[in-house]
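Dear colleague,

Please find the structure below, together with its sequence.

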Amino acid sequence: MKILVVGGGGREHAIVMKLAESPKVTQLHCAPGNGGISKYAQCHSVKATDIDGIVALAKDLAVDMVFVAPDDPLVMGMVDALQAAGLRTFGPKKNAAILEGSKVFSKELMQKYHIPTADYHVFGDPKEAESYLKTANNYPTVIKADGLALGKGVVIAQNEEEAFAAISSIMKDRIFGDSGSRIVIEEFLTGPEVSVLCFTDGKTVKPMVSSMDHKRAYDGDEGPNTGGMGTVAPNPYYTPEIAQTCMDTIFLPTIRAMQTEGRPFQGCLYFGLMLTQKGPKVIEYNCRFGDPETQVVLPLLDTDLVDIIQAIESETLDQLDIQWKDGCAACVVMASGGYPKKYATGLPISGLDENGQVPGCLVYHAGTKLDGNHIYTAGGRVLGITAIGDTLADAVASAYQGVKQITFENAHYRNDIGQRALKALS
């Protein structure tokens, strides 16, 4: 098979490297790709959101499959356009990707089908939102932009001043563009967070290994929200009993609800969960592999990813026994100094071998560029250093050993990735 992967971040690098392991894959392409991906796939300078450009590229390359990885093109309907051109795809259609594309849609779906989630209110007028907050006077409270916002459209306001500032920046200043035309204000839930990615063919759900993300920029979960500063898998809080509860009350009901709504979901569905005292609740859905969760989940996958893709396409996922490796994985993200705010790019990276790797780890490139034989920084999150170990402590220690071998100016990373999980295990 010739496969084209759409995207150019750490998630796409993890997908490309996993596909490269398959004996069924003869050729890999990526658009736009990055410095690390270019070592495993031929990269093409077509933007991930250029639907016409990707369709033309896929036809020109005569690929057998297009794997659409990022949220934006999925929500925009890239899968629909590719299928209309007669191309095989991995990823949900536009009418299913709305689960991530609209927070309002997903909250209303959960309410309609009794899927546990936080209580919420929807507002299209900033004055009405402010009036509600004054009356409710309940903090902390969570404010979310309706549409996509690079994983940064959520504010946890500790008081009225912070809440009003969030409403102003999202709805009046439109810092996320049209994604902020409506907002969801919801109750603040507490408990351990769990990320569970699931393969689904629209009927059957096969969960992957659970993981724990680290969203805040600094140690101790301080600082602004980011796209994710690191992950570990499996998540120790996600017990077999909780997994069964999630399957019965969240995973299957969601897939059935989408089927009932005439929006069958095929691909990877990400469940962001909070394990509250009243049981697991959905914080958010993503219509694709998470980033950086993919960087710890896929290295633990033992079954050929191509077999899974084909089972989803043929709607025979129920007949496939997906196997996972024993052990644990940890990923530490090395970011540019200043991320998620202002940061420099174009800085040389030292310590990587000719394949952009270091011994003992898998180095997933998120924001890098290959110029000649050298790799330079080209984004906020630059690298994800992943290690596998028999225990979580082993995996975390190995990942940090990998981090120490790599240098670039003003490199920033958290020093406590996995510590919360290790504490739960002790």
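Thr254 has a relative accessible area of 0% and is therefore buried, where buried means under 20% relative accessible area, exposed over 50% and partly exposed in between, with a 1.4 Å probe and protein chains only. The model is a predicted one: local features need pLDDT of at least 70 and side-chain atom pairs count only at pLDDT 80 or more, while totals for chains, interfaces and linings use all residues. Residues are numbered from 1 along each chain as its sequence is written, and side-chain values use heavy atoms, with hydrogens and water left out.

Thr254 belongs to helix H9; helices (H or I, at least four residues) and strands (E, at least two) are DSSP runs numbered from the N terminus. Neighbours within four places in sequence aside, Thr254 is in contact with Leu99, Ile115, Leu269, Phe271 and Tyr285, contact being heavy atoms within 4.5 Å.

Aromatic pairs

Rings of Phe, Tyr and Trp (its six-membered ring) pair if their centres lie within 6.5 Å; planes under 30 degrees apart count as stacked, over 60 as edge-to-face and the rest as tilted. This rule gives nine aromatic pairs. In one of them, the ring centres of Phe199 and Phe289 are 6.0 Å apart and the planes stand at 75°, so this pair is edge-to-face. Phe199 lies in strand S10 (residues 193-200) and Phe289 in the loop between strand S17 (279-286) and helix H10 (294-297), so that the pair links distant parts of the chain, 90 residues apart. Phe199 and Phe289 are both buried.

A tilted pair is formed by Phe251 and Phe271, at 4.5 Å centre to centre with 45° between the planes. Because Phe251 is in helix H9 (residues 240-260) and Phe271 in strand S16 (residues 267-276), the pair ties together parts 20 residues apart in sequence. Phe251 is buried at 0% relative accessibility, and Phe271 is buried with a relative accessible area of 1%. Finally, one aromatic cluster consists of Phe67, Phe90, Phe199 and Phe289.

Nonpolar cores

A nonpolar core is a set of buried Ala, Val, Leu, Ile, Met, Phe, Trp, Tyr and Cys residues joined through side-chain atoms within 4.5 Å. The largest has 47 residues, of which Ile54, Val66, Leu82, Phe251 and Leu273 touch the most other members. H9 contributes the most to this core, with eight residues. A second, separate core has 40 residues, including Ile15, Phe289, Leu301 and Val333.

Helix packing

The axes of helix H5 (residues 94-101) and helix H6 (residues 103-112) come within 6 Å and cross at roughly 95°. Axes are lines fitted to C-alpha atoms, for helices over the stretch in contact, and angles run from 0 to 180 degrees between N-to-C directions. H5 is therefore roughly perpendicular to H6; angles of 65 to 115 degrees carry that label, those under 35 count as roughly parallel, those over 145 as roughly antiparallel and the rest as oblique. H5 makes the contact through Ile98, Leu99, Glu100 and Gly101, and H6 through Lys103, Phe105, Ser106 and Leu109.

Leu19

Leu19 is in helix H1 (residues 10-20) and counts as buried at 0% relative accessibility. Residues up to four places away in sequence not counted, Leu19 touches Ile3, Val5, Val25, Leu28, Leu305, Val306 and Ile309.

Yours sincerely
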